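Here is a short briefing on a protein model.

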Amino acid sequence: MPTVKGDGMRGLAVFISDIRNCKSKEAEIKRINKELANIRSKFKGDKTLDGYQKKKYVCKLLFIFLLGHDIDFGHMEAVNLLSSNKYTEKQIGYLFISVLIGANNDLMKLVIQAIRNDLASRNPVHITLALQCVANIGSREMAEGLSVDIPKLLVSGDTIDSVKQSAALTLLRLLRSSPDIIPMGEWTSRIIHLLNDQHMGVVTAAASLIENLVKKNPEEYKGCVSLAVSRLSRIVTSSYTDLQDYTYYFVPAPWLSVKLLRLLQNYPPPEDPAVKTRLTECLETILNKAQEPPKSKKVQHSNAKNAVLFEAINLIIHMDSDPNLLVRACNQLGQFLQHRETNLRYLALESMCLLATSEFSHEAVKKHQETVITALKTERDVSVRQRAVDLLYAMCDRTNAEEIVGEMLEYLESADYSIREEMVLKVAILAEKYAVDYTWYVDVILNLIRIAGDYVSEEVWYRVIQIVINRDDVQGYAAKTVFEALQAPACHENMVKVGGYIMGEFGNLIAGDPRSSPLVQFQLLHSKYHLCSPATRGLLLSTYIKFINLFPEIKHTIQDVLKSDNNMRNSDVELQQRSIEYLQLSSIATADVLATVLEEMPPFPERESSILAKLKKKKPNSVPDGSEQKDQMPKLPTAQMSNSSDSAQPTSINLMSQGSPAASGAASASVDLLGLGTPTQTTAPPVGGGDGFLVDMFDTLTTSSPAPATNGMDLGGLTGGAEEAFKKFICKNNGVLFENDLLQIGVKSEYREDLGRVWVFYGNKTSFQLNAFCVDISTPGDLATSLSVQQKPVGGEVEAGAQVKQQFNMACVQEFTDAPILNIQFMYSGAQQKINLKLPVVLSKYITPAEMDSGNFFGRWKALSNPSQESQQIFKASAPIDIETTKSKLLGFNVSVLDNIDPNPENFVSAGVLHTRNQQVGILVRLEPNKQAQMYRLTVRASRDRVAKILCDLLQSQL
């Protein structure tokens, strides 16, 4: 703030001194109330207040507000200060408005007019004050009112440089808050040419603005590429003495360089040979400078220099077209792998993960394998060790797979618990992807179970069984290996599952050895029986009945086990049912029938591994895209069926099912969170029926025309499954909106006429703190004018296992179709997580039920006869029509269900009143079900246009 001589406010200083000298809270409140009464009387009674006095009193009000007290007057006096020509008076006016006047305040139109007057003035100080106020408030109304003034000010030739800087940053603020209002088309070329401005400050501000515009409309702003390359070239080739005002510790304009390099990452490599050559020279120069001795030992110098270098490497990786640059970037990063600065090692590992996916630099990355393995074993920081795991995974191919998998298995025994599950998935994927000898693959998976059994998911052991069944050459070895593994005194339950399944299918292949005779195999498995969960016991019982078919000589021994009270009278109904049914099957069925029912499982049809989907579900960004294209999972051999010509439909009964929803649940979870579409929900078979096939366990649920998506987001930018979860809340107010491995998000809401309160609960499911926890709510389209949203803040951290609550106040201004978008971001294990959900606030929430008799209903029904007041849909029921279910959905839609109104007792007649801020809208509903055709005819009439169509679409989605 510039100092103005003789402009000290003595009264303000005395008041502040009095407040500081108060001995108690009561004394402070008494002094503040006395001052507020004095100021109120001055504003009301004294019409001769000059600008200085108004400024002084407004300053006191501002100070009182900052102490935490409410201020309910003085706003008009602050607005009047904006018309003053004195800097300090205008400044205090703008300061008061920025702090105390909200975006929806009635005085905002006067404020916008005052701002427009200042923007039109020729005083740069007044213009800058006005721009700062706009940037601080950034409301939609300001964006609408100043959408022409600010861009015009930015590109005007008469505007001085400091004002252009402020104008660019103010415009950026408005674009972020109201991107649909600012019409940038007519200013495009002139804004792009700001990159050629002589003033570096203007270029820096313009680069931020242009990067934001490019993300929204890259094609319109592609002319900025050549200008950005030209400006970058001038900065990179200049000496630090050439740009003294913008040199930071001997690095010329590092912030601008980073912005320009990021801007270029929004476009493919330039097509113009001259521009491409110049850009290549710039990147080579940056890499060359990184090799030069540092010009200063201070950390600020190395930070600035490395910031430019890493952004340049990101651009090289993005372009992925120059082998020389990619190899040089890899070598430069390799030097950082042993740097003493932890952050540099982390960033180097992260960037090399991306380089490993390029065909040009993959071999260069592999040269640093030993260094990365050393980092994995010796690094103190777990986040750096995790990046080392990611890099080993990315650089792995057929030439080094055994060595990398071996090192990862060795490290797994002492690995940090937070990364064990991810490491298990990656080892399983690498072992399968690069297995030349499948005996090695079996050894790796069994080692995984032995070392980290608690972290081996169902997908992993499902997959090893699938591969063993499909490969004849490995079946005997797998049976022998699991038999030996089960002999350990303490063995994990997952090992028992794998052993039970494989020995039940292929135990006969090792039965010739007296050390693994049928009775020994049975006794070994049964020794683990009582230590296992009911699901695993069910699988072992299925193994026992398979043994009766494979080894008739131990039939009576197994039948004695099945007859035992421990099984026949087990409290678990699944185990009891299996024991009884298997005993009867072994007693009644002939040998031929038994052999047919219990024959060996047929090979599984070809399909891609579900483990990779599991890894993507856990950490969407941890699997580089290129790695999948570079080496596809080996295809399983075509299924050969012994009893059927149709290889896709196995005929054997699934006796090995665990009576759990693994068959449908495990696969559906991995598919859904990938954002590949909404998996078709299937119902798990009855626990005792045994009427499914084991092949279903490994199948990924199919989708109808899956939509392409990245990072778990659908085409609308929402997290996968968000749309379906949102629809479930149309007829209910409470429940779980979203859940994954890290976070559970629940919603509770209540509505009263046009006002609603929504509480969102964020529950941390991990054993680690979620950092940088940030929640933002956006209102797409014209929702901001139709729904008033007030958001209460939420803390920046969510402790392990804890839950935090956030409140949103929602007032319905007028009818609306869209829903607010909840944007959640937080850091977990060093990686940023993003979740975008629809907050379940729909128009029907603001309806209250209405009661009326037959005469009133049909009288009002006939009165609403205009086509725009009615919406009708005929559609097929999404589920079998049930009267009680339909009735509960109508009540959940907040309309009444009126009895004895419609002549047809099968029909539903409902009424309600929609409450908005300015009016009430009558709603009438008639629902005609046709049970025979499983169809509905839904008619909605409303006293306001558009409302009937909106409500009809909402209710139809529930039926």
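Phenylalanine 43 and phenylalanine 73 are both buried; buried means under 20% relative accessible area, exposed over 50%, and partly exposed in between, with a 1.4 Å probe and protein chains only. The model is predicted: local features need pLDDT of at least 70, side-chain atom pairs count only at pLDDT 80 or more, and totals for chains, interfaces and linings use all residues. Residues are numbered from 1 along each chain as its sequence is written, and side-chain values use heavy atoms, with hydrogens and water left out.

**Aromatic pairs**

- Rings of Phe, Tyr and Trp (its six-membered ring) pair if their centres lie within 6.5 Å; planes under 30 degrees apart are stacked, over 60 edge-to-face, and the rest tilted.
- The count by this rule is 19 aromatic pairs.
- Phenylalanine 43 and phenylalanine 73 pair edge-to-face, at 6.3 Å centre to centre and 70 degrees between the planes.
- Phenylalanine 43 is in helix 2 (residues 25–45) and phenylalanine 73 is in the loop between helix 3 (51–66) and helix 4 (75–81), so the pair ties together parts 30 residues apart in sequence.
- Helices (H or I, at least four residues) and strands (E, at least two) are DSSP runs, numbered from the N terminus.
- Phenylalanine 310 and phenylalanine 336 are stacked, with 5.6 Å centre to centre and 25 degrees between the planes.
- That pair links helix 16 (residues 299–319), which holds phenylalanine 310, to helix 17 (residues 323–336), which holds phenylalanine 336; the two are 26 residues apart.
- Both phenylalanine 310 and phenylalanine 336 are buried.
- One aromatic cluster is formed by Phe43, Tyr57 and Phe73.

**Charges over rings**

- A charge sits over a ring if NZ of Lys or CZ of Arg is within 6 Å of the ring centre and within 35 degrees of the ring normal.
- Lysine 732 lies over the face of phenylalanine 729, 5.0 Å from the ring centre.
- Lysine 838 has its charged end over the ring of phenylalanine 726, 5.0 Å from the centre.

**Whole chain**

- The protein chain has 42 helices and 15 strands.
- Buried residues make up 52% of its 959 residues.
- Of the contacts with a separation of 6 or more, 69% join residues 24 or more positions apart.

Technical notes
Contact = heavy atoms within 4.5 Å.
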